[in-house]
Every structure is written in C-alpha cells, then in structure tokens.
Amino acid sequence: MRNSTKMILKIVLLIVVTLFYVGCTKNLKVSSDPTNADIFINGEKKGFTLLKTELKVDNRETFEAIVVAKKEGYYDENKTIRYEPKNEEVHFKLTKYTKDVVIKSYPDNADIYIDGEKIGTTPLKKTLSFKD
C-alpha cells in the first residue's frame, strides 16, 4: 500500500509540474493612442487596436512575447511581456514623427503653405509633424 501511495503522489506531482510549465494560454488586450495602430506579436501581424487575443504559452518560466504597435506618421513602439497568471493589458502612447526645418528664400518674406494652410514667411524655422 505504501508503494502505491508514493507512486500516486509522484504521478500527481508530475501532472502538476507539467501543467505549470507546459501548455497554457494567456489573454492579451492591446490598446493605443491614437487608435487603429497595427499590432505585431513576435513579428507576426495580429490585427489593429483595440485588439483582444490569446497567446499560446509553451513554458511559463521562459515565456516572452514582443508586442509592437505601428501607425503611419508615428514612431513604432514595442513592449516585452512575460508570463503572469493574470490577463495582460498593454497600452501604447504613440509619438508623432517630427522634423525641425529651416526654409529660406531670396528675397525674404515669401509665404509658406502646408496643405493649403499658411504657416509663416521666410526665413522660417519650425518643427513639423505628420498628420493623423
């Protein structure tokens, strides 16, 4: 009887260890500001924000996923997530591309327009950003 009890305990322990280290999923919710950013997980496009997905976790100890948000006119942002037993929420605050420019003309005082809107006269030094 003692040997069978030990054997049962070993089997139960093996099952618990296997369940802990192998084969589970993790719920992930990804949002961004601005919305509709493309979301990539470990290099694979999964959709766009607001995204709800489930990640396969092969090993809880070594699990790691790289989540990247991309939107035209904004710098890419990435975050690394690791296994935690709770659901994960990731939020990206994307930053617009900007560029400092100097516009000169001869003669001075030429009007400068972008998208039909006057932004100043030459010489002009300004930080420009892309529109949404």
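Ser-32 lies in strand 1, residues 24–33; strands are DSSP runs of E of at least two residues, helices are runs of H or I of at least four, and both are numbered from the N terminus. The model is predicted, so local features need pLDDT of at least 70 and side-chain atom pairs count only at pLDDT 80 or more, while totals for chains, interfaces and linings use all residues. Residues are numbered from 1 along each chain as its sequence is written, and side-chain values use heavy atoms, with hydrogens and water left out.

With a relative accessible area of 7%, Ser-32 is buried (buried is under 20% relative accessible area, exposed over 50%, partly exposed in between, with a 1.4 Å probe and protein chains only). Its side chain reaches the backbone oxygen of Pro-34 at 2.5 Å and makes a polar contact with the side chain of Thr-49 at 2.7 Å. A polar contact is a pair of N or O atoms within 3.5 Å; within protein, one must be able to donate a hydrogen and the other to accept it, and residues adjacent in sequence count only if both atoms are side-chain atoms. Leaving aside residues up to four places away in sequence, Ser-32 touches Ala-37, Thr-49, His-91 and Phe-92, where contact means heavy atoms within 4.5 Å.

## Nonpolar core

The largest nonpolar core has 19 residues, of which Leu-28, Ile-39, Val-67 and Phe-92 touch the most other members. Such a core is a set of buried Ala, Val, Leu, Ile, Met, Phe, Trp, Tyr and Cys residues joined through side-chain atoms within 4.5 Å. Two or more residues come from each of strand 1, strand 2, strand 4 (51–57), strand 5 and strand 7 (88–93).

Beyond four places in sequence, the residues that Val-67 touches include Leu-28, Ile-39, Glu-77, Lys-79 and Phe-92.

An open sheet of four strands runs in the order 3-2-5-6 with antiparallel pairing; two strands pair if DSSP finds at least two bridges between them. Strand 3 (44–48) and strand 6 (77–82) are at the edges with a single partner strand each, so one side of each has no neighbour in the sheet.

Strand 2 (residues 38–41) pairs with strand 5 (residues 64–70) in the antiparallel sense over four bridges. Within strand 5, Ala-69 stands opposite Ile-39.

## Whole protein

The protein has one helix and 11 strands. Of its 132 residues, 24% count as buried. Among contacts between residues at least 6 apart in sequence, 48% join residues at least 24 apart.
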